[in-house]
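User: I'm new to this one and would like a quick tour. Could you show it to me and then take my questions?

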Amino acid sequence: MALSIWEALAVFGAGIGAGTINTIVGSGTLITFPVLLATGLPPVTATVSNGLGLLPGAISGAIGYRAELKGQRALILRLSAAAAIGGISGAVLLLTLPSTAFETIVPVLVGLALVLVILQPYITKAVQRRREDNGTHAHPKGGLLLLTGLLFASVYGGYFTAAQGIIYLSLMGMLLDESLQRLNAVKNVLAAVVNSVAAIFFLFVAHFDWTAVLLLAVGSAIGGQLGAKVGRRLPPTALRVLVVVVGTVAIVQLLLR
């Protein structure tokens, strides 16, 4: 489909915005998806094009957070395996299930994730006190609970991606003893993994718009670097507030769709 110059600029700008917000928090799809629909793309074609186009942004954001990734290789490999399986499963579901399949559960998932993000510092302190009393320690890689949670979150990520990063952050924040910035770095890698496996699948079996994909790809790659520069400078409280604000907007948009 041919885009007008103004539509092309809108898609490119949306790509920059999505790449930036995805790297800092997540939910960039809530910027790009409505823009793609406004250009006349069908919903599934828009979703597939969006997933392909935002992949460079996810990779760019992960590279921008490379300093925070040091010492987390074993954790990333473990979680990436679950993310890859979930991502390809979600991509398959996108092409087989009706477009309304996730509309009810998604706002609930995002809302629960936001509650966990808000309460995470208090819950973490309570869990740490309990471990000290019992003489136990946290599982260094989050255990089976984190692996299972990330698997299901990645199924959703491969299906739609909106607010996927917020769900990742809430799960890891609850189950890993790491700073929010280091968890955010891992979140960017996992998002890149999910987007990559879904993109490879879509290339062979789905319809997409190459013009939209290329515009989003360039824009999101730029946005990924911008997001890394901004996000890495945010203190934990500011980053947590931003997660909650973006997540709340995501819930409102999802409910109004």
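User: At what angle do α3 and α10 pack?

Analyst: Quick heads-up: this is a predicted model, where local features need pLDDT of at least 70, side-chain atom pairs count only at pLDDT 80 or more, and totals for chains, interfaces and linings use all residues. Residues are numbered from 1 along each chain as its sequence is written, and side-chain values use heavy atoms, with hydrogens and water left out. Helices here are DSSP runs (H or I, at least four residues), numbered from the N terminus, and axes are lines fitted to C-alpha atoms over the stretch in contact, with angles from 0 to 180 degrees between N-to-C directions. The axes of α3 and α10 (residues 210-231) lie 8 Å apart, and the angle is about 35 degrees.

User: Which residues of α10 make that contact?

Analyst: Contact means heavy atoms within 4.5 Å. On the α3 side you'll find S49, N50, L52 and G53, and they meet V213, L216, A217 and S220 of α10.

User: How many residues of the contact of α3 with α10 are polar?

Analyst: Ala, Val, Leu, Ile, Met, Phe, Trp, Tyr, Cys and Pro count as nonpolar, Asp, Glu, Lys and Arg as charged, and the others, Gly among them, as polar. No charged residues turn up in the contact of α3 with α10, and four are nonpolar. The polar ones number four.

User: How far apart are the axes of α5 and α9?

Analyst: α5 covers residues 73-96 and α9 covers residues 180-205. They pack at an angle of about 40 degrees, and their axes are 8 Å apart.

User: Which helices do the buried residues of α5 pack against?

Analyst: Buried means under 20% relative accessible area, using a 1.4 Å probe and protein chains only. In α5, the buried residues include L75, G86, G90 and L94. They pack against α3 (43-53), α7 (143-159), α8 (164-175) and α9.

User: What percentage of the chain's residues count as buried?

Analyst: The chain has 11 helices and zero strands. Its length is 257 residues, and the share that counts as buried is 51%.

Key. Helices (H or I, at least four residues) and strands (E, at least two) are DSSP runs, numbered from the N terminus. Buried means under 20% relative accessible area, exposed over 50%, partly exposed in between (1.4 Å probe, protein chains only).
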